[in-house]
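Thanks for coming. I have one structure to go through today, so let me put the sequence and the model on the screen.

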Amino acid sequence: MEVRIDKYLWCIRCFKSRTEATDACKGGKVKIGGSDVKPSTVVAPGDIISVRKGPICSTSRVIEGIDKRQGAKTVPLYAENLTPQEELEKLHAPVETFFLKRDRGSGRPTKKERRQMEGLWDALEFDD
């Protein structure tokens with residue numbers, strides 16, 4: 001069965017809507033075999049699809065084309081999840097954030113306050 005990549009990703013529950021799937025394809029977040037795809041690209045059994053969503057890149061192999069959205073329990077009949085464990089662990093990694101609080105009504109920061117805030121940001125930058 002021939003099915004478009006955007007529809008297929010929606011059917012196997014990678015995206016909540018077909019519009020999201022189409023936008024991801026247009027934005028270069030979806031690849032088949034390492035190549036960017038258009039939303040109208042047809043998937044075939046055996047294709048390896050990589051989808052970047054947030055911090056992780058999930059990978060799956062097409063088992064069979066479908067044109068109707070599937071329940072979560074039946075998705076493995078149509079797509080094999082090949083996502084490495086390291087990618088899945090990124091979902092549970094702690095997120096380091098901090099919040100600079102300014103009193104309400106204090107206006108914009110002065111040049112001195114801005115430099116202090118930038119100093120905090122620079123001190124927190126991490127090298128990978």
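What is the order of the strands in the open sheet, and how are they paired? Before the answer, a caution: this is a predicted model. The open sheet has five strands in the order 3-2-5-6-7, and the pairing is antiparallel. At the edges are strand 3, residues 35-36, and strand 7, residues 79-81. Each of these has a single partner strand, so one side of each is without a neighbour in the sheet.

Let me walk across the sheet. Strand 2, residues 30-32, pairs with strand 5, residues 48-53, through three bridges in the antiparallel sense. Within that pair, Val30 is opposite Val51 of strand 5. On the next step, strand 5 and strand 6 run antiparallel and are joined by six bridges. Here Val51 comes up again, standing opposite Ser58 in strand 6.

Strand 5 and strand 6 form a hairpin with two residues between the strands. In that hairpin Gly54 has a positive phi, near 65°.

How much of strand 6 is covered? Strand 6 covers residues 56-62, and five of its seven residues are buried, so it is mostly covered by the under 20% relative accessible area criterion. On to strand 7: three bridges join strand 6 to strand 7, and the two run antiparallel. One of the pairings there is Val62 with Ala79, its bridge partner in strand 7.

Now the cysteines. How many disulfides does the model have? The count is zero. Cys14 is in no disulfide, and the nearest cysteine sulfur to it, that of Cys25, is 10 Å away. Cys25 itself counts as buried, at 3% relative accessibility.

Is Asp103 buried or exposed? Asp103 has a relative accessible area of 59%, so it is exposed, the threshold being over 50%. For a distance to check on screen, take Asp103 and Arg114: they are 11 residues apart in sequence, and C-alpha to C-alpha they are 15 Å apart in space.

That is what I had. Questions, please.

Conventions: Residues are numbered from 1 along each chain as its sequence is written. This is a predicted model: local features need pLDDT of at least 70, side-chain atom pairs count only at pLDDT 80 or more; totals for chains, interfaces and linings use all residues. Side-chain values use heavy atoms; hydrogens and water are left out. Two strands pair if DSSP finds at least two bridges between them. Helices (H or I, at least four residues) and strands (E, at least two) are DSSP runs, numbered from the N terminus. Buried means under 20% relative accessible area, exposed over 50%, partly exposed in between (1.4 Å probe, protein chains only). A disulfide is a pair of cysteine sulfur atoms within 2.5 Å.
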